[in-house]
Amino acid sequence: MSTFTRNSTSTSTGSTSDGKNGTMNGTTDRTLNATTTEADRRPRLSGMTWLVWRQHRAAFWTILAATALSVAWIVYQRGQLVDFLDGYGYPGKSLDEAGGKLQLYSDAFSFVSTGLQAIPILLGVFLGAPLIAGDLENGTAKLVAAQSMSRTRWLATKLALAGLVVVVSTGVLSAVFGWWWNPVKSEVTVMNWTSGAAFNTTGPVPVALTLFSVFGGVAIGVVLRRTLTAMVVTFGFTVVLQVVWGHFLLSLGNVATVTTNKGVMDENGFPSLPHGAYEIGQSYVTGSGDLVGWSTCSESQTDAARQVCLDKADVVGWSVDYLPMSQMNAMQWFGASILLALTAGVVAFLFFWGRKRLV
C-alpha cells in the first residue's frame, strides 16, 4: 500500500512538473521565435559577402574611420576659413593684401591636399595588392575553389566590396574638400586649379584615380601571387601613374588663345585674361599673323632700341595661350572617364585570368 502511494505521488508530482515545463517551454519558444523574427528583419551580410567583409574588415573599417576623421577635420577648417573671410571683408577686399594672415589657411589646404593625393598610392599598396595575392599565397584561394561557390563570384564579391569602400571614402572626401575650397576657388594664391593639389582632389578624379590604383594593385597581386612583392611593385606602379597623369593633365583641356595688335611696349599692351585662367605660353604676333618668340629683341639694351627691333620684325602685339577655369569640370570628367575605362580593362583582365589561373 505504501509503495502504491509513493508511486502515485511520484506520478502526480511528475505530471505537475511536466505541466510547468510545458508552460515554460511554450513561453520560451514564443520568445525565441519573436527574437528570431526580429533579427531576420534586420539587414545583415550573409554568404560570400559576409565572408569577404569579415576577412578584410580591419582594412575596410580603417579606411572608413580615417575618412570620417578627415571629414570632421575639413569641416572644422572650413568654418575657420569662412570666419576669417567674413572678418577680412572678402570678396570686397582682395586677398592679395592679406599677406601672412592667409598663410595659415593656405598651409592647411596644402597639408590636406597632400594627404588626399597620397590616398591612391596608400590604398593601391595596402588594399589592392594584398586583396587576392594574400589568398593565393596562403592557400585560401584553393579552399574557396573547392567549395560550391564559383571563383567568379568570389572574385566579383571581393572587387565589389573593395570598390564600394573606395568609392564611398574618396567620393565623400572629394566632395567635402571641394566644399572647403569653394569660397576661395578662384584665388591662385591659395591653390592653383591646374595643380594636382586641386585637380586630383576634387570632382570625380580622386575616385577614378584611386579605383584604377587599387584594381591595378589587385591585378599585380594576382599575377605575382606574393603579397610583399606585389605591394612593392604596386607602389612603383602608383607612383609612376601619378607622374604620368600629372604630365598629361593640361592636355585634357581645350587651349584658348587671345591676341592683341596694339604693340607690346605700351602699358596696356598685354591682353587681359579671365580671372583664374592658367597661362600656358605667350609669344609675339606680327602684322602678317605669324608668331615669334617673346624673347625676340631681348638683347636690346634700352627700351628705344627694343622698340626699333620690334618694329623691324613687324611685331604688332601679343598672342597668349591659356586654359580658362571654366573648363575645370569638363577636364576632370574627361580625365575620370579615361581612368574608369582603364579600370574596366583591368577588371576584365582579372575575370579572364581568374577563370583559369586563380587557384
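**Exercise 1.** How many residues of the lining of the second largest pocket are nonpolar, polar and charged?

*Solution.* Before we start: this is a predicted model, where local features need pLDDT of at least 70, side-chain atom pairs count only at pLDDT 80 or more, and totals for chains, interfaces and linings use all residues. Residues are numbered from 1 along each chain as its sequence is written, and side-chain values use heavy atoms, with hydrogens and water left out.

- Step 1: sort by class. Ala, Val, Leu, Ile, Met, Phe, Trp, Tyr, Cys and Pro count as nonpolar, Asp, Glu, Lys and Arg as charged, and the others, Gly among them, as polar.
- Step 2: look at the lining, which includes F212, W245 and L342.
- Step 3: the tally is eleven nonpolar, no polar and no charged.
- Step 4: check where they sit. Helix α8 (227–248) and helix α10 (328–357) each supply at least two residues, and α8 gives the most, with five.

**Exercise 2.** Which cysteines form a disulfide?

*Solution.* 

- Step 1: apply the cut-off, a pair of cysteine sulfur atoms within 2.5 Å.
- Step 2: C297 and C309 pass, with sulfur atoms 1.9 Å apart.
- Step 3: C297 lies in the loop between β3 (291–293) and α9 (303–312) and C309 in helix α9, so the link ties together parts twelve residues apart in sequence.

**Exercise 3.** Is C297 buried or exposed?

*Solution.* 

- Step 1: recall that buried means under 20% relative accessible area, exposed over 50%, and partly exposed in between (1.4 Å probe, protein chains only).
- Step 2: C297 has 3% relative accessibility, so C297 is buried.

Conventions. Helix = DSSP H or I, 4+ residues; strand = E, 2+ residues; numbered from the N terminus. 1 Å grid on protein atoms, 1.4 Å probe; cavity = no way out; pocket = protein on both sides within 12 Å on 5 of 7 lines; lining within 4 Å.
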